[in-house]
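Hi,

Here is the structure for you to look over. My notes follow below it.

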Amino acid sequence: MPDRKPSSAIDALLEEQRVYVPPNDFRDKATIKDETMYAQAAAEPDAFWAKIAGELDWFVKWNRVLEWREPDAKWFVGGKLNASYNCLDRHLRGPRKNKAALIWVGEPGDRRTLTYWDLYREVNKFANALRKLGVAKGDRVAIYMPMIPELAIAMLACARIGAVHSVVFGGFSAEALRDRINDAQANVLITADGGYRRGQIVPLKHDADEALKGTPSIHHVVVVKRGSFSVHIHEGRDHWWHELMDGVSDHCWPEPMESEDMLYILYTSGTTGKPKGIVHTTGGYMTGVYATTKWVFDLKEEDVFWCTADIGWVTGHSYVVYGPLANGATVVMYEGSPDWPDKDRFWQIVEELGVSVFYTAPTAIRAFMKWGAEWPKKHKLTSLRLLGTVGEPINPEAWVWYQEHIGGGSCPVVDTWWQTETGMILISPLPGITTLKPGSATKPLPGISAEVVNEQGERVPVGGGYLVLKRPWPAMLRGIYGDPDRYRQQYWSRFPGVYFTGDGAKRDKDGYLWLLGRVDDVMNVAGHRISTMEVESALVDHPTVAEAAVVGRNHDLKGTAIAAFVTVKEGKSSDSELAEQLKEHVVKKIGKIARPEEILFTADLPKTRSGKIMRRLLRDIAEGKAVGDTTTLADPAVIARLKQKYEEQEG
Ligand code: ATP
Ligand code: MG
């Protein structure tokens, strides 16, 4: 047995030495220029969050900042506010009235700009339209739409009248939509005739009709006319959006919501299993997303902010809609795919709209790397001043590529760790003051108490372990919809008194946090607990590799052997010689213990519809088992191809 402490939860093997100090001119203009906020927040967390909440508009002020009876938190108790009012009405009093709120780009090239005043009127009208359909406070409204302005309008209209929205990603199947509608017992569905993705029509209404065959709670369906797609209109149930909007007033009183009234339900990506209906409420959530948008993205009045996430994921809820709009920012929204009509579509949009802050996911960055630097090179990206990433651990090599080829070597990169459950970013650099290390999300934000602990729940000062959150935070989930037992079991039972994230992390000697992926994916090789993330990063460090997914499979001698699935960059060839080189590369970067037993080259990895690698399916393949639940998988064909290829190679 190798020498290690018995309580060590995950071994930390990979060492990354590069550091990036914030450029002087960035620091000089930064919203947060010094570290005092961390100390203030730590000393008096309630007062700290109350001060930030005070920057929102409240109809009635709260009388208690936090009521905490584990696992139930109530923030800003007694306060009343409205989320749509905070995103819209309050900006109409000054110069933001005619500022662009949404600049929308359709995949075929159409474009629409809505000012705050435009967006206000559209939201008010649609809120009245919903009321006309009988939607009342507390009702659940399902939304299944392409990335078009009406998606944001629909959410804000729900918020305005106190209805709870449940957005289901437009790329999900009819079955997934049906399950989510039934779980939330929604009585209205808002959809569109269709949308565009990679030049194809996504037949949303058609799929919705399929789902609606088994959703008895739905009474009304509202259909936006996005294109001229032919759809079946079910008389009495279905209504065209534009017809409902005809003649309704463009003013609708915002419902004064209790701080703890529900704002939305959103199902997690389903990387690890059955999606959970995460519940978010109003006052704490709005405070959290407002503050983190301002700090992490260093928002300035003149910024053009583009978060590329689909609104169907939490990143889109918090950082396309509620966070930036509460800050009065100009938000870019794009309907389609990054490689349509060509692999420079994102960079074309950045150049055309002068995007200054850009936030995307590691999966996208690894795709850009795979396609090659010539694509961003075709465009002038000098408007960019800050880059962000979220969704998975980012391999240091991908981070550096992003900083160089997209950020021109001068933009800070904020790696932001958070979850659907956390509602807001919790671990992230503050770009004006944090020295960056590629691959590290750096430190918990002010007011956030994140810790790495061992099996026994004891703090790990330096090394690997489990990531937990020790103090409630304003935007935290308030439960799993309709399932309080699962809520307690999932998040509050592993370690007493603290929230368990399900992720592994290591803390380095400078107190920086490095996310290691899901603890379910950690591999136990000859007594070492190795994170998939570190082996993947060592592989991606090799100049030919674009992306890698690593799993541990059962092995007669070692217990577990490492199997690696590798995608090479465009124009690079993959053969057994490269496989040997890659194995040696891992040995050089990490050590013998992490040497992959086998490497399978593949054009694609199995991913969730939000782009996260699904290692549990790869593990099934590597162990020759029947492949588990694939309902949240983006492209089932990838798994079928991989399984075949793996079996051929194993012979
Ligand atoms: P499910 O919980 O249903 O399995 P999911 O966890 O993929 O799905 P999300 O809430 O969308 O659903 O994702 C949150 C997870 O994404 C985090 O727990 C973490 O594993 C990963 N993640 C997000 N941001 C980062 C980041 N910056 N670095 C590392 N991991 C990240
Ligand atoms: Mg999760």
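A polar contact here is a pair of N or O atoms within 3.5 Å. Keep in mind that this is a predicted model.

Ligand site first. K276 meets that cut-off: a polar atom of its side chain sits 3.0 Å from an oxygen atom of ligand 1. D503 also uses its side chain, with a polar atom 2.8 Å from an oxygen atom of the ligand. G270 contributes through its backbone, where a polar atom is 2.8 Å from a ligand oxygen. On its own, ligand 1 has 630 Å² of accessible area, and the protein covers 94% of that.

The shell around ligand 1 holds 21 residues. T268, S269, T271, T272 and T420 come nearest. By type, the shell divides into nine polar, seven charged and five nonpolar residues.

Now the fold. There is an open sheet of eight strands with mixed pairing. Its order is β12-β11-β8-β6-β7-β14-β15-β23. The edges are β12 (238-240) and β23 (479-480), and each of these pairs on one side only.

Within that sheet, look at β14 (residues 262-267) and β15 (residues 277-281). They run antiparallel and are joined by five bridges. I265 stands opposite V279 of β15.

One helix to check: α8 (residues 204-211). It lies across β6 (140-144), β8 (188-192), β11 (220-224) and β12. Its direction is at about 150° to β8.

Best regards

Technical notes: Residues numbered from 1 in each chain as written. Chains lettered and ligands numbered in written order. Predicted model: local features only at pLDDT ≥ 70, side-chain atom pairs only at ≥ 80, totals over all residues. Heavy atoms only, no water. Pairing = 2+ DSSP bridges. Helix = DSSP H or I, 4+ residues; strand = E, 2+ residues; numbered from the N terminus. Contact = heavy atoms within 4.5 Å. Axes fitted to C-alpha atoms, helices over the stretch in contact; angles between N-to-C directions. Near = heavy atom within 4 Å. Polar contact = N/O pair within 3.5 Å; in protein donor to acceptor, adjacent residues only side chain to side chain. Areas by Shrake-Rupley, 256 points an atom, 1.4 Å probe, with all protein chains shown as cover. Nonpolar A, V, L, I, M, F, W, Y, C, P; charged D, E, K, R; others polar.
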